[in-house]
Structures are given as C-alpha cells and as structure tokens.
Amino acid sequence: MEILYSDKDMVVCVKPVGLDSEREVPQELGGEIFPIHRLDKNVGGVMVYARTKAAAAALSKAVQDGSLVKEYVAKVHETPPENGDWTDFLFKDSTKNKVFVVKKERKGVKKARLEFVRLDENLVRIRLHTGRSHQIRVQFASRGFPLMGDHKYGSKDEATAPMLFSCCLTFPWKGKTMRFEKLPDWV
C-alpha cells in the first residue's frame, strides 16, 4: 500500500481496490489506527487515518463541518454535462445493499450533494459535499451516466469494478492546509 504521508498523528495512504477500508487497511498500517471515513471495498484512492484519539476527534470534526474536502475521478458511460451541482434525496435499502434516488424526504432518506466538472468525454472530477453510501454511483446512474464497471447501478461493460477513485483530500491541520492527491493509472 502506498503511503503519501505519515507522522505520529495520522497516516495518509492510497487504498487499493479490494481492501476493506475499515478493517483490512488499518491492519496493514499497523499499530492503533482510527478510520476517519470509508471507501467501498471495490473503490480505491486516497484516505486519511488517525493514529491517536485526539487526531481522530479533530479529523472527524473536519469531516462533519465540511472542512475535509473529498474529490474523486470517475469514468462514466455517455457524455455528461460540462459541469453540475446535483442535490438528491437518497434512500438505502440495507437488505439489498443498494441506494435509490427518491423524490422527497422521509424516514431513512438523506440529502446528498456533489459538484463535478467534465475533464473529457467520459471522465469527471467530483467534489463531495455529503458522504452518502454509493452517492456518486447512484447520482450519476440516476441521470443516465452509470460509472463504467458499476454493474450494480447499470453498467454493462466488462470492467470488474466501478471506475471511481478518491483522488484528493484537503483539510486543515495545526494551522496549515494539508492536501494529498493521487490519480489512478486509468486517467
């Protein structure tokens, strides 16, 4: 696993596709590790983990107040608009481990927002404002742009995993702005 940054408080790494971000990655990093956010097992990318409870609290606060910014790249089917700012209501059916866009708020429904810019015909860069389960996958698929390799949400190609990658994390840390970026080999 590639380590982008490490000190006594945190470690920033590139999670490979196929590892569980909450169980397997902390074991590989060794020592006491606190997951701050998660990525689906079939998605890779930049993640930050805390090494202390104090760092975990500070980083978790950054997630909650929106000062930890998560950006992704994705390859999608069809050609999406040049840019967008999408807000939807998402409902997760836990029995099927699938998420659906619904028309209005009700019990179990959460608001989801993302912004994106198209980089080329099928490549988008996305900024998450909320971190909902399968959010990017569902919001793009619901508009006719399923992620390549995302068979759960409509892709019919032969890729073995969704072409989605957490490419950048930016967050405040001890008076500085920390920024870590890594692009996947398919960009």
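Predicted model: local features only at pLDDT ≥ 70, side-chain atom pairs only at ≥ 80, totals over all residues.
Next I turned to ring pairs, and I noted that the structure holds five aromatic pairs. One of them is formed by F171 and F180, a tilted pair with 6.1 Å from centre to centre and 35° between the planes. I wrote down both values because a pair of aromatic rings is described by the distance of the centres and the angle of the planes.

Are F171 and F180 buried or exposed? F171 is buried, with a relative accessible area of 1%, and F180 also counts as buried, at 9% relative accessibility.

My last entry is on D40, which I located in the loop between strand 3 (34–35) and strand 4 (44–50). I asked myself why D40 counts as buried. Its relative accessibility is 14%, and since buried means under 20% relative accessible area, D40 therefore counts as buried.

I then checked what lies around D40, leaving out residues up to four places away in sequence, and found that D40 touches K15, H134 and R137. With R137, the side chain of D40 makes a polar contact of 3.1 Å. Finally, I compared D40 with D20: they are 20 residues apart in sequence, and their C-alpha atoms are 7.2 Å apart in space.

Note on methods
Residues numbered from 1 in each chain as written. Heavy atoms only, no water. Helix = DSSP H or I, 4+ residues; strand = E, 2+ residues; numbered from the N terminus. Buried < 20%, exposed > 50% of the residue type's maximum accessible area, 1.4 Å probe, protein only. Contact = heavy atoms within 4.5 Å. Polar contact = N/O pair within 3.5 Å; in protein donor to acceptor, adjacent residues only side chain to side chain. Phe/Tyr/Trp six-rings, centres within 6.5 Å; stacked < 30°, edge-to-face > 60°.
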